[in-house]
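Dear colleague,

Please find below the structure that I am handing over to you. My notes on what was found in it follow directly after.

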Amino acid sequence: LPTEVHITPVPSLLSWVSDSNLMIFLPIIAYWIPSLLFHLIDKYDLFSKYRLHTPEELLKRNHVTMREVIKDVCLQQVLQMVVGWLLSLSEGQEMTGHEEVEIIGMLHNYMKVESAFVSLLAVTGVNSWALVNKLDKAVSFDWRLKLVESIYHYAIPLLRLWVAVFFLDTWQYFWHRTMHTVPWLYRTFHSRHHRLYVPYAFGALYNHPFEGLLMDTFGAGIGFKLAGLTQRQGLYFFTFGTLKTIDDHCGYKIPWDPFQFLFANNAAYHDIHHQGWGIKTNFSQPFFICWDRWLSTQ
């Protein structure tokens, strides 16, 4: 075990702004910069062959003006920042310097599990200790420590991120589907978002304020807390989710778009949901389509 542990505050990702403030403001910045880019692509019709709808459809079929959309999005983002600020208060100052002690503790537990597993193999007649000794001689470094370090620094953060993503997908699927199956909820809240029959990028967060708070802000916030993400991991999670939902509403099927290449839940998939003939399907958002597949709503 280390003889001394020096606990210090985690340095900010950017020296001139704290991670807690970055977690609040980066998703807002990440919303408007790509949205502006897609708006310019729309305005100058730069990728017409990739459009899901014609410019005429965008003007004629939508039942809300762009000014109204911007106003409601800004309102939702104000609420989002308030919740983000409260989340940052609940987190407190993140500290570093304890990682080595935690890794040694994990290594100790790993050795217990390994010993129990090897003993179990020995009961079955396998000369498991000889296998372990051969592995120790064949590998020049302490492979157990390296394994535990890799789990600590990479596998556990990735698992936590997956938990946050899966929770958000689950939360949004069931609330989204409920908004469509309960007529009062649809008329009162969710119908506002469906004024956009032809979605465009900066309309991604055009919702009734209550719906935006419930489905997007609370869903992401609860996922963040449930998964035990750090503030640094949280800003990645919130920003990535923001970029993904913009892309899902961009109105283009672009083969070299990384989001659309990697995810089946993309702009073309979600556009079906915005059409009258597909409105009772494709509820999944923002990442995967597993719930649509599992519950036959794809």
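D248 and K244 stand four residues apart in helix α9, and so are separated by about one helical turn. Helices here are DSSP runs of H or I with at least four residues, strands are runs of E with at least two, and both are numbered from the N terminus. The two side chains form a salt bridge with the closest N and O atoms 2.7 Å apart; the term denotes a side-chain nitrogen of Lys or Arg within 4 Å of a carboxyl oxygen of Asp or Glu. Both D248 and K244 are buried, where buried means under 20% relative accessible area, exposed over 50%, and partly exposed in between (1.4 Å probe, protein chains only).

Please note that this is a predicted model, in which local features need pLDDT of at least 70 and side-chain atom pairs count only at pLDDT 80 or more, while totals for chains, interfaces and linings use all residues. Residues are numbered from 1 along each chain as its sequence is written, and side-chain values use heavy atoms, with hydrogens and water left out.

The count of salt bridges comes to seven. Another of them joins R61 to E57, with 3.5 Å between the closest N and O atoms. This pair also lies four residues apart, about one turn, in helix α2 (residues 55-61). R61 is partly exposed at 27% relative accessible area, and E57 is partly exposed at 25%. D45 and R51 meet in a salt bridge of 3.3 Å, N to O, and together with D42 they are linked in a network of salt bridges.

What is the count of disulfides? It comes to zero, a disulfide being a pair of cysteine sulfur atoms within 2.5 Å. As for individual cysteines, C74 is partly exposed, with a relative accessible area of 37%, and C290 is buried at 18%.

Turning to the backbone, most residues other than glycine have a negative phi, and most peptide bonds are trans. N282, which is not a glycine, has a positive phi of about 55 degrees; N282 lies in the loop between α11 and α12 and is buried, with a relative accessible area of 3%. The loop between α11 (267-273) and α12 (290-294) also holds P286, and the peptide bond from Q285 to P286 is cis, with omega near 0 degrees. S296, in the segment after α12, has a positive phi near 60 degrees and is exposed at 66%.

On the surface, V78, V82, W85, L86 and L89 form a nonpolar patch with about 480 Å² of accessible area together. Patches consist of residues with over 30% relative accessible area and no salt bridge, like charges being joined within 9 Å and nonpolar side chains (Val, Leu, Ile, Met, Phe, Trp, Tyr) within 5 Å. Accessible areas come from the Shrake-Rupley method with a 1.4 Å probe, and for residues only the protein chains shown count as cover. W85 is found in helix α3 (residues 66-91) and is partly exposed at 45%.

Yours sincerely
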